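Dear colleague,

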Amino acid sequence: MNAVTEPRTSRHKKAHLVSPLSQSLVTSAVTNEDGEPRSKHFTSTRNACKLCTPLGACLVFRGVEGCIPFLHGSQGCSTYIRRYLISHFREPMDIASSNFHEESAIFGGSSNFQQGVLNVLRQYQPQLIGAATTCLAETIGEDMPHLLHDLREKHGDRVTAPIVTVSTASYRGTHMDGFHAAVRELVEQLAGKSEGEHPTSNIQHSTPNGAKRCVALFPSMVSAADLRHLKEILVDFGLPFTLLPDYSETMDGATWSEYEKLQSGGTPIASIRALGSAQTSIEFGRVLEGAETAGTVLQNKFSIPRRLLGLPMGIRESDAFSMRWRKSPEAKYRSNTSANAAGSWTA
Amino acid sequence: MIELLPERQPQVVCKAAGAPAADMACGKASTAGSVSQRACVFCGSRVVLYPIADALHIVHGPVGCAAYTWDIRGALSSGPQLHRNSFSTDLQEMDVIFGGEKKLEAALLELIAHYQPKAAFIYSTCIVGLIGDDVSAVCKRVSEKTAIPVLGVHSEGFKGTKKDGYRAACEAVYQLVGTGDTSGIGPHSINILGEFNLAGETWILRDYYKRMGIEIVACITGDSRIGDIRRAHGAKLNLVQCSGSMTSLAKMMERDYGIPFKRVSYFGIEDMSAALYEAAKFFKDDSSIMDRAQQLVREEVAAIYPELQRYKQKLLGKRAAIYVGGAFKAFSLMRALRLIGMETAIVGSQTGDKEDYRQLQEMADPGTIIVDDSNPLELAKFCLEKDVDLFIGGVKERPIAYKLGIGFCDHNHERKEPLAGFIGMLNFAKEVYASVASPVWQFAPRRAHRGMEAVCA
C-alpha cells in the first residue's frame with residue numbers, strides 16, 4: 001500500500017510535502033487524560049461548518065408529502081433555518097413556530113403550541129406536521145407527548161393531521177443528528193404493518209412476480225439531484241421502494257402556475273405507514289453504525305433486515321449498493337449466479 | 001384560496017380613497033403558527049453590531065445561532081475583517097446543565113489573545129438566559145485581565161422581537177461612547193447611525209459629506225472601528241438612517257451629551273438630497289456648506305437623471321410590492337418607485353410602529369395594502385390579488401416572487417449592489433428594470449399567456 005501512495009521523492013524533499021496546516025497540527029498535538037494524542041484543543045469554535053439539529057429535522061419534514069415543519073421555540077430559530085435553507089435550495093421553505101416569548105419560557109409553551117398548531121392546520125391544511133423542539137423548549141423541559149395529549153384533548157376535532165415529534169436540542173449534536181433523528185421518528189411514529197401489495201410506495205411497478213414488498217431506502221442528507229438519481233437507479237432495478245426523505249421535488253422545483261402552500265412531491269405518508277412490511281431497509285452512512293436509526297427501528301419492531309452501506313460514491317461503494325439490489329429475487333437485472341444463489345435479503 | 005388568520009386581520013389595512021389613516025395593530029409578538037418573516041432579539045443585536053470590524057463578536061450559545069448569523073450582512077470593511085468570522089462557545093449539553101460561564105471566559109481569553117481585538121461583544125442567546133449565566137460578571141473579569149472593553153449584549157431570543165434586540169445592541173455599544181478623546185473634532189462634524197456599509201454604501205456617503213465640508217466622526221456601525229465609536233460623543237449632530245435600530249442610541253446621546261439627531265434616509269433622489277440638506281441646514285454658521293450641498297445634488301442628479309428617465313418610460317404603470325424590515329425604508333422605496341413611474345400596490349414591514357403605518361397610509365395610493373409582520377402565504381395572496389410586477393424584499397421573499405414569475409429586487413442586507421446615494425438610485429432603477437422587464441417571465445407558467453412586447457420593445 002505504502003509503495004503505491006508514497007510519492008517518488010527523496011526523503012529530503014518529502015519534508016516539504018507536509019503542508020503548513022498539518023505541520024501545525026503535528027507540533028501542537030497534545031494528549032488527553034487517556035494518553036491518546038489529539039490536536040490542539042480550542043474552547044471556542046471558529047467558523048464552525050456545522051448547523052443546528054432542528055435544521056436537519058426541518059429538511060427531512062419537507063421531504064415528506066404535504067408535511068410542514070413546526071419548531072417549538074423562539075421565532076428566530078424558524079426564521080434562521082428558513083433563511084438558510086432558502087438561500088441554499090432557492091426554494092420557498094415555510095417553517096412554522098410556536099413563537100415563545102418570555103412568559104412561555106417561564107410558564108411553558110403549551111398554549112403557544114396549541115395556537116400554533118391550529119393556525120398552521122388552518123392556513124396550510126397539511127397532511128402531517130413535523131414538530132421539532134429547540135434548545136429553549138428542551139431546556140425548560142417541554143414534554144412533547146404531553147403537549148400532544150393536551151392538544152388532542154382540548155381541540156381533538158380540529159387536529160386534522162397527524163403530528164410527528166422529534167427532540168432536537170441544538171446543544172446536542174449537529175444538523176446531521178437532527179436529520180437522522182427526524183427520519184427515525186417518522187418511521188417510529190408512523191410505520192405499521194400492512195398486508196399484501198403496497199399501492200403506496202413512491203413508484204409503482206408492474207412486475208411479473210405479482211405483489212411486491214417494497215425496499216426502504218434511507219439515503220441520508222444528499223442533494224436533490226442525488227435523490228433523483230437514486231430514484232432512477234431504483235426504477236431501473238424494477239423494485240418497488242420507499243425513499244425517505246425525498247425532497248428532490250419539494251426543494252428543487254420549477255415555477256408555478258398557482259401558488260403552492262407546500263411544494264408538491266415528497267415521500268407519501270401512506271408509504272411511510274406501510275414501512276412495517278418492507279422486505280428490507282438500506283441506510284446510507286457508515287457513521288450510523290451503532291446508532292439508533294430508522295433502519296434499527298424497522299429491525300427491532302418488525303424484524304426487517306437492515307443493510308448499512310456507505311454513500312454510493314466512488315466505484316467500491318457504488319458497486320456495494322448495486323450488488324445489494326442484484327441479490328434481490330425480484331430485481332430485474334440480477335445476474336444468473338446471484339439468482340441461483342436464491343438471493344433473498346438476509347441481514 | 002389563501003385566507004387571513006383571524007388574529008392577523010387587525011394588522012392588515014387596505015387604503016380606501018379619501019379615508020383618514022386608521023390606527024393599525026402592530027408592535028406585538030408574532031402570532032404562533034403564522035410563519036412570520038421576523039427573526040428574534042438575538043438577530044436584531046447581531047445584525048446591528050456585527051459590522052464593527054475590529055471587534056471580536058462571540059455568540060454565547062449553541063452553534064446554530066452562530067452559524068446562521070455568520071457574515072450575515074454584506075457589511076464591508078476598509079481594514080480589519082475580524083467581524084466576518086463566526087466565533088461561538090458552542091454550548092453542549094453538559095454546559096447547559098453545569099453552566100457556561102467558565103467556557104465563555106476561557107473562550108474569550110483564548111480569542112482575545114489570538115486576535116488582539118479592540119473590544120469584544122458577547123451575544124447572549126435563549127439558552128444563556130434560561131440557564132442564568134452571569135455574562136456581566138464574565139465581561140468584567142475578562143475586561144480586567146485583557147484591558148479591552150468586553151461588552152455583554154443581552155439578546156436572549158425569547159425576550160421580545162427583533163426591535164428589542166436593536167435596543168440591546170444600542171445599550172451595549174453605548175457603553176463605548178464617551179470613553180475616547182474628542183480633541184481634534186471640528187465644529188462641522190456628524191455621526192451617521194444605522195448605516196451598515198452594505199456593498200460599500202458608507203463610502204459613497206462619506207464622499208458626499210466630505211465634499212460638503214462635513215466631518216464624519218463615526219459611522220455606527222458600517223465600516224466602523226471601536227476607536228471611532230469611543231469618540232462619537234464629540235460630534236455635533238447625529239443623523240439616524242435606520243431609525244428602527246438606532247433611534248434609541250441617538251436618544252441616549254442626546255440625553256447625556258446634548259447631541260441632537262435627525263432621521264434621514266439615503267435611498268432615492270429626494271431622500272438622499274434631503275439628508276444632505278438636513279446636515280447643511282444644521283450648520284447654519286457656514287453658508288458655504290449649503291452651497292456645496294446644492295452644487296453636489298445638482299451634479300449628481302444631472303449625472304443620473306437622463307438614464308432614470310429611460311427606465312421610467314419602460315417601467316411606467318408597473319406595480320410593486322414592498323416588504324422590508326423597517327418601515328422607514330419603505331417610505332424611501334415608495335418615493336423611489338414613483339420616481340421611475342411605478343406604483344406601490346403592497347407595502348409592509350416587520351417592525352413598523354403606529355406612526356410609521358399612519359404615514360404609509362397617507363403616502364399610499366387608494367387600494368394599496370398595508371401590512372405589519374406578514375408571512376409567506378399572505379404575501380403570495382396579496383401579490384396575486386394585486387398582480388404585481390416586482391417584489392422588493394429579502395432572501396425569504398425572493399422565492400415567493402420567482403415561483404410566481406414576478407421580478408425581484410433584493411433590498412435587504414445581502415444585497416451586493418449599493419442602493420444608497422444618487423448612484424444607488426441608478427443601480428436600483430437598473431436592477432428593477434432588469435428584473436421586471438426580463439424576457440424570462442414569458443416562460444413562467446403563470447404569466448406565459450401575457451405578451452412581453454410592452455417591456456421588451
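The buried residues of helix α7 of chain B are Lys162(B), Lys163(B), Gly165(B), Tyr166(B), Arg167(B), Ala168(B), Ala169(B), Cys170(B), Ala172(B) and Val173(B). A residue is called buried if 20 or more other C-beta atoms lie within 10 Å of its own, exposed if 12 or fewer, and partly exposed in between, with C-beta atoms placed from the backbone. Helices (H or I, at least four residues) and strands (E, at least two) are DSSP runs, numbered from the N terminus.

Please note that this is a predicted model, in which local features need pLDDT of at least 70 and side-chain atom pairs count only at pLDDT 80 or more, while totals for chains, interfaces and linings use all residues. Residues are numbered from 1 along each chain as its sequence is written, and chains are lettered from A and ligands numbered from 1 in the order in which they are written.

Helix α7(B) covers residues 162-174. Because 10 of its 13 residues are buried, α7(B) is largely enclosed by the rest of the structure. From first C-alpha to last α7(B) reaches 18 Å, close to the 18 Å expected at 1.5 Å a residue (the expected span is 1.5 Å times one less than the number of residues). Its buried residues pack against α1 (41-49), β4 (119-124), β5 (150-153), β7 (215-221), α9 (226-230) and α10 (243-257) of chain B.

The loop between β5 and α7 of chain B holds Ser155(B). Ser155(B) has 37 other C-beta atoms within 10 Å and is therefore buried. Apart from neighbours within four places in sequence, Ser155(B) is in contact with Val41(B), Phe42(B), Ser45(B), Tyr123(B), Ser124(B), Gly165(B) and Ala168(B); contact denotes C-beta atoms, placed from the backbone, within 7 Å.

Turning to the two chains together, 53 residues of chain A are in contact with 58 residues of chain B. On the side of chain A that touches chain B, the elements giving two or more residues are β3 (45-46), α5 (75-89), α6 (102-107), α7 (110-124) and α8 (135-139) of chain A. Two bridges join β3(A) to strand β3 (residues 87-88) of chain B, and these strands run antiparallel. Thr45(A) has Ser88(B) as its bridge partner in β3(B).

Within chain A, the domain assignment gives domain 1 (53-190) and domain 2 (215-255 + 263-340); such bounds come from an automatic or database domain assignment. The C-alpha centres of these two domains of chain A lie 26 Å apart. Their contact takes 22 residues from domain 1 and 26 residues from domain 2 of chain A. On the domain 1 side, α4 (53-61) and α10 (175-190) of chain A each supply at least two residues, and α10(A) gives the most, with nine residues.

Finally, the largest nonpolar core has 228 residues, of which Ala182(A), Val187(A), Ala120(B), Ile122(B), Ala321(B), Ile322(B) and Phe391(B) touch the most other members. A nonpolar core is a set of buried Ala, Val, Leu, Ile, Met, Phe, Trp, Tyr and Cys residues joined through C-beta atoms within 7 Å.

Methods:
Pairing = 2+ DSSP bridges.
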